[in-house]
Amino acid sequence: MAVSDEDVRHVAALARLGLEPDRVSQLATELNGILSHMDVLAAVDTSAIDLHERGDGQGMPLRDDGEAQLPLAHGRETFAPASRDGFFLVPRLATHEDASEDA
């Protein structure tokens, strides 16, 4: 898969990045270099490797969760104006509101 100049412009527009026109080609080249490196890594045979085991065969060490929790210096209600069921309630971003909700 190759990244074209048009792909770079499209992603920059989605991310609302100000991108200099002379930088587009350079970024496409850099991204294609990264992707070709990923192709080399993807070609490595890792079928004999257990991803859940450490090199010494012992597996991941676990710790006990028995320690007491440290109290907060300020109550949770000072971090957000409202909470429910232990979660903070925050206002929806204007950029994520659906225009049809206003009608």
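Student: Is Arg16 buried or exposed?
Tutor: Arg16 counts as exposed, because its relative accessibility is 71%. Keep in mind that this is a predicted model.

Student: Where is Arg16 in the chain?
Tutor: Arg16 lies in the loop between α1 and α2.

Student: What about its backbone, what is the phi of Arg16?
Tutor: Arg16 has a positive phi of about 55°, although it is not a glycine. For context, most residues other than glycine have a negative phi.

Student: Which residue besides that one has a positive phi without being a glycine?
Tutor: Asp85, with a phi of about 55°. Asp85 is found in the loop between β1 and β2, the latter being 87-89. Its relative accessible area is 69%, so Asp85 is exposed.

Student: Let me back up. How many helices and strands does the chain have?
Tutor: There are two helices and two strands. Along the sequence the pattern reads α-α-β-β.

Student: How do the axes of α1 and α2 cross?
Tutor: Helix α1 covers residues 5-14 and helix α2 covers residues 21-42. Their axes come within 8 Å and cross at roughly 100°. That crossing falls in the range of 65 to 115 degrees, and α1 and α2 are therefore roughly perpendicular to each other.

Student: Which residues make the contact?
Tutor: From α1, the contact is made by Asp5, Val8 and Arg9. From α2, it is made by Val24, Ser25, Leu27, Ala28 and Leu31.

Student: And how do the residues of that contact divide by type?
Tutor: Five residues in the contact of α1 with α2 are nonpolar, one is polar and two are charged.

Student: Which residues make up the largest nonpolar core?
Tutor: That core has five residues in all: Val3, Val8, Val24, Leu27 and Ala28. Helix α2 supplies the largest share of this core, with three residues.

Student: What does Leu27 touch, if I skip residues up to four places away in sequence?
Tutor: Leu27 touches Val8 and Leu19 on that count. Val8 is also a member of the largest nonpolar core.

Student: How much of the chain is buried?
Tutor: Of the 103 residues in the chain, 8% are buried.

Student: What share of the contacts join residues at least 24 apart?
Tutor: The share is 23%, taken among contacts between residues at least 6 apart in sequence.

Student: Switching to charges. How many salt bridges are there?
Tutor: The structure holds two salt bridges. In one of them, the side chains of Arg9 and Glu6 meet, at 3.6 Å from N to O.

Student: Where do Arg9 and Glu6 sit relative to each other in the helix?
Tutor: Arg9 and Glu6 are three residues apart in helix α1, so about one helical turn separates them. Arg9 has a relative accessibility of 42% and therefore counts as partly exposed. Arg9 also takes part in the contact between α1 and α2.

Student: What does Glu30 form a salt bridge with?
Tutor: Glu30 forms a salt bridge with Arg23, and the closest N and O atoms are 3.6 Å apart.

Student: How accessible is Glu30, and what about Arg23?
Tutor: Glu30 is at 38% relative accessibility, so it counts as partly exposed. Arg23 is at 31% relative accessibility and is likewise partly exposed.

Student: Last topic, the strands. Where is Ala82 placed?
Tutor: Ala82 is in strand β1, which spans residues 82-84.

Student: What is Ala82 in contact with beyond its neighbours within four places in sequence?
Tutor: Ala82 is in contact with Phe87, Phe88 and Leu89. As for accessibility, Ala82 has a relative accessible area of 34%, so it is partly exposed.

Definitions and conventions: Residues are numbered from 1 along each chain as its sequence is written. This is a predicted model: local features need pLDDT of at least 70, side-chain atom pairs count only at pLDDT 80 or more; totals for chains, interfaces and linings use all residues. Side-chain values use heavy atoms; hydrogens and water are left out. Axes are lines fitted to C-alpha atoms, for helices over the stretch in contact, and angles run from 0 to 180 degrees between N-to-C directions. Helices (H or I, at least four residues) and strands (E, at least two) are DSSP runs, numbered from the N terminus. Angles under 35 degrees count as roughly parallel, over 145 as roughly antiparallel, 65 to 115 as roughly perpendicular and the rest as oblique. Contact means heavy atoms within 4.5 Å. Ala, Val, Leu, Ile, Met, Phe, Trp, Tyr, Cys and Pro count as nonpolar, Asp, Glu, Lys and Arg as charged, and the others, Gly among them, as polar. A nonpolar core is a set of buried Ala, Val, Leu, Ile, Met, Phe, Trp, Tyr and Cys residues joined through side-chain atoms within 4.5 Å. Buried means under 20% relative accessible area, exposed over 50%, partly exposed in between (1.4 Å probe, protein chains only). A salt bridge is a side-chain nitrogen of Lys or Arg within 4 Å of a carboxyl oxygen of Asp or Glu.
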